[in-house]
Amino acid sequence: MEVIVAEHAGFCFGVTKAVETVYDQIKNGKDTNIYTYGPIIHNEIVVGDLEKKGVKVINSIDELDDVKSGTIVIRSHGVTKEVHQKIVETGLNIIDATCPFVKRIHKIVDEESKAGKSIIVVGSANHPEVEGIVSYARGPVFVVDSPKEAENFSQDRELEYTLVSQTTFNKNKFQETVEIFENNGYNINIVNTICNATDERQSEAEEIATKVDAMIVIGGAHSSNSRKLYDICSQKCEQTYFIQTLEDLHFNTNHDIKLVGITAGASTPKNIIEEVQNYVRTNF
Ligand code: F3S
């Protein structure tokens, strides 16, 4: 079987930095109490490996009450202002691995809302990255997660708005959403904050999906950027499979599959991509 593997599959720069930061902490051995705020990435294998090495995951702001000393790594999604403040108060040594692309959005939201603009965030309201972005608004802030929600948006048209996006939002849907706001007469300053890594990954996945007989998207079950890749690919290729590991792969053999495309979300380690690729090449 012929296989095309996306060049931009797997760990992005922000995730690589966050994961390496945690492994570096383990290696330097200065602090044996190492925590991450939330799983460092949406990948059970990596998180499990870190756990075996003694890294503990803090899952909520309340759990911080039980932590008395140690080092905490903030993952690439970032955290809310409130969580950041609480971490500072606990006196933990903070290593902030928030991706610079996410930090840039915090800054835009902070400055624009300080200047009196209402904020619109295009993204999933309950995603940790979006929760973090929303927390930087000093005034009205709205989250819109689809063109349909943009259509139903009915706030004051006299206000000035600044619109930003979750870094991993589907770029086609973002465009559609923005056009709806504009057509509906809102006064909006649009800042497309979809990060380069996401843009490249989605464009390449879409291109590959249009020419293959089957497309495989590898990603964690809770990884929203992987889900979005799946949505994009399945629009172009009916035989699109979303898998976490090789064990999940079950091709529908009723179809004639000669060419397979593979892409992967930002939290998929290279070795899983290699494993899937080798398996498909040699077994079909
Ligand atoms: Fe950063 Fe984009 Fe990755 S925002 S964490 S480089 S997906």
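Reader: At what angle do helix α8 and helix α9 pack, and how far apart are their axes?
Author: In this predicted model, helix α8, which covers residues 196-211, packs against helix α9, residues 224-236, at an angle of about 30 degrees, and their axes are 8 Å apart.

Reader: Are α8 and α9 then roughly parallel or roughly antiparallel to each other?
Author: They are roughly parallel to each other, because angles under 35 degrees count as roughly parallel. As for handedness, α8 passes α9 in a right-handed crossing.

Reader: Which residues in α8 meet which residues in α9?
Author: On the α8 side they are T198, R201, Q202, A205, E206, A209 and T210, and on the α9 side their partners are N225, L229, I232, C233 and K236. Sorted by class, this contact has 5 nonpolar, 4 polar and 3 charged residues.

Reader: Okay, new topic. What does UniProt list for "binding site" that includes S223 and S224?
Author: An unreviewed UniProt entry lists H42, H77, H127, S223, S224, N225 and S267 under that name. A further "binding site" annotation, also from an unreviewed entry, covers H42, H77, H127, T167, S223, S224, N225 and S267.

Reader: Where is S223, and is S223 buried or exposed?
Author: S223 sits in the loop between β10, residues 214-218, and α9. S223 is buried, because 22 other C-beta atoms lie within 10 Å and 20 or more is the cut-off for that label.

Reader: And what is S223 in contact with, leaving aside its neighbours within four places in sequence?
Author: With those neighbours set aside, S223 is in contact with H42, G265 and S267. H42 and S267 are also named with S223 in the UniProt "binding site" list from the unreviewed entry.

Reader: Where is H42, then, and what does H42 touch?
Author: H42 is found in the loop between β2, residues 34-37, and α2, residues 44-52. Not counting residues up to four places away in sequence, H42 touches G220, H222, S223 and S267, and H42 is buried, with 24 other C-beta atoms within 10 Å.

Reader: What about S224, where does S224 lie?
Author: S224 lies in helix α9, the helix that packs against α8. S224 counts as buried, with 23 C-beta neighbours inside 10 Å, and its contacts, leaving aside neighbours within four places in sequence, are S124, H127 and T168.

Reader: Where is the place of H77?
Author: H77 is in the loop between β4, residues 71-74, and α3, residues 81-90. H77 has 28 C-beta neighbours inside 10 Å and so counts as buried. If residues up to four places away in sequence are not counted, H77 touches V102, P128, E129 and G132.

Reader: Where do C12 and C99 lie?
Author: C12 lies in the loop between β1, residues 2-5, and α1, residues 13-28, while C99 is in the loop between β5, residues 93-96, and α4, residues 100-114. C12 is buried, with 24 other C-beta atoms within 10 Å, and C99 is buried, with 23.

Reader: You mentioned α4, so how do α4 and α5 pack?
Author: α4 and α5 pack at an angle of about 30 degrees, with their axes 8 Å apart. That angle makes α4 roughly parallel to α5. The residues of this contact divide into 4 nonpolar, 2 polar and 1 charged.

Reader: Which residues meet there?
Author: V102, I105, H106 and V109 in α4 meet E129, G132 and I133 in α5. I133 counts as buried, with 29 C-beta neighbours inside 10 Å. The C-alpha atoms of I133 and V79 are separated by 8.3 Å, although these residues are 54 residues apart along the chain.

How values were computed:
Residues numbered from 1 in each chain as written. Predicted model: local features only at pLDDT ≥ 70, side-chain atom pairs only at ≥ 80, totals over all residues. Axes fitted to C-alpha atoms, helices over the stretch in contact; angles between N-to-C directions. Helix = DSSP H or I, 4+ residues; strand = E, 2+ residues; numbered from the N terminus. Parallel < 35°, antiparallel > 145°, perpendicular 65-115°, else oblique. Left-handed = near helix turned anticlockwise from the far one by under 90°. Contact = placed C-beta atoms within 7 Å. Nonpolar A, V, L, I, M, F, W, Y, C, P; charged D, E, K, R; others polar. UniProt positions renumbered as here; feature names shortened; annotations may be inferred. Buried ≥ 20, exposed ≤ 12 C-beta atoms within 10 Å, placed from the backbone.
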